[in-house]
Every structure is written in C-alpha cells, then in structure tokens.
Amino acid sequence: MGKITILPETTIDPISLMGRRAGICWGADITDSEKNYKRGLDCIKSNHGRVFEFVNIEAIIEGYSARVIREWYTHIGGSPTRLQSSTRYVNYDNFEYIVPKTIQTEEQKTWYNNAIDTISHALKNLEESGVKREDAAMLLPLGMTTTIVDKRNVRSVISMAEQRMCSRAYWEYRELFNEYIKQLKLYSEEWVTLIPMVMKPKCEILGYCPEKFSCGRKPQKK
C-alpha cells in the first residue's frame, strides 16, 4: 500500500509541549521537564483540547489514491495545510493506481485494468497530438496514486480518528490512518503514550455506537 514519512518538523515531545504551553497560562515553572510532562498528561486527561492545537504534525503521504486523499482533505479543523502532486506538471505516463480488494476474479481484474490502460493511452495520445498536459489530465481517475505534504495539529487528527478508526470507514482510509499513527509512534516515545489516550473511534469515546448501521463493536444508543 502507501508510504507515510513523518517529517522532522513534527513535534517530538507532544505531551511535554502541551504542558509547557499550559504552564505559561497557569504561571507555572516551565523549566522543569518532569512537571511539564505531568502537566501535559493532566491536560489530556481533563480534555483541555486547546493545548492539542500547539502540537504540529508534518508528513509526506504517498501511494494512496486521489479518492482517499480527497477524503483526507475534508478534515479541516485547526487550519491544516497541504501540497499535492500537480496534475499540471507531473508526468503521469503509466501512472500507478489502487486496485480495490473486492476486485478478485480474473474477469474483474481484466475489466478494471483495461479501463486504466485505456485512460493511460488516451492521455499519451492527447499530449502527443498537441493537447496540453494540464488539459489531458482531466481524464486521470480517482484511483490513481498521488503524493501530498500534509501539515496539521493533533486536535485535527483526534477528530479524524473518531471518524476514520470506525470499522465502517472506507477500507483505504482506515489503512492510511492506521499507518499514519503507526509512523507517529515510531517517531518518539511521547507519541507512543499520547496516541492510545486520545485517538479512538467515536464509539470508544461515547460508549455506544451513534451510527444508523452499526458494526456491532458497541451497542447502539437506545
């Protein structure tokens, strides 16, 4: 599947940073690293969500479909920003694409791959005949893979987790998000502690499933 690279601009000590920022408001000593860490934990346990917005995550996300990246963009809380591979300048000859897992029989694979091949050949023919690449790119499918550079704060990611860690979320998004938090855990020990505390599907937070069609993990609200 895809690849996620956590960039060095990402906060390496998210819990301690929350504690330092909160300590300023409380008139506390922010030179003591142990107290900063404890204060950060207290903020998390008390759900003082504003301090989450000081924790920065920057990542390269590549090898996922343009379709799922469009869904990633819908999480706009906390003023995230991103850059995406340009369909105007990037050469998409023989572009890579995602094959859904439900496409299993040889006949299904043939239909799917033939459709992609047709698009690929059309793009090449249009460009060779004089059509600008930026115009021929209108044919590119949502299944093609793409690359983005993404920046957001942890409060935005917590909101994303509530929706996208749900068993009913689209399979590719679940894989993307799970890989995202896996790479954050590898980034530093404080992320290992922070993630299970705050990044959960909404049913785990509410204690019940608010969805009309439940997966059964939690009982539905009566």
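Let's start with the largest pocket, whose lining consists of Ile 44, Asn 47, Gly 49, Phe 52, Arg 155, Ile 158, Glu 162, Met 197, Val 198, Lys 200 and Ile 205. Two elements, helix H6 (154-164) and helix H8 (189-198), each give two or more residues to this lining, and H6 has the largest share with three residues. By class, the lining holds six nonpolar, two polar and three charged residues. The space in this pocket is about 240 Å³. A pocket here is an open set of points on a 1 Å grid where a 1.4 Å probe fits, with protein on both sides within 12 Å along at least five of seven lines, and lining residues have an atom within 4 Å of a point.

This is a predicted model, in which local features need pLDDT of at least 70 and side-chain atom pairs pLDDT 80 or more, while totals for linings use all residues. Residues are numbered from 1 along each chain, and side-chain values use heavy atoms, without hydrogens and water.

The second largest pocket has about 160 Å³ of space. Among its lining residues are Tyr 92, Asp 93, Phe 95, His 121 and Lys 124. Its lining divides into five nonpolar, three polar and three charged residues.

Now turn to helix H1 (residues 14-26) and helix H2 (residues 33-45), which pack at about 90° with axes 7 Å apart. H1 is therefore roughly perpendicular to H2 (a term for angles of 65 to 115 degrees). In their contact (heavy atoms within 4.5 Å), H1 contributes residues including Ile 15, Met 18 and Trp 26, and H2 residues including Tyr 37, Leu 41 and Ile 44.

Key. Points joined across faces, edges and corners; volume = space filled by probe spheres on them. Helix = DSSP H or I, 4+ residues; strand = E, 2+ residues; numbered from the N terminus. Nonpolar A, V, L, I, M, F, W, Y, C, P; charged D, E, K, R; others polar. Axes fitted to C-alpha atoms, helices over the stretch in contact; angles between N-to-C directions. Parallel < 35°, antiparallel > 145°, perpendicular 65-115°, else oblique.
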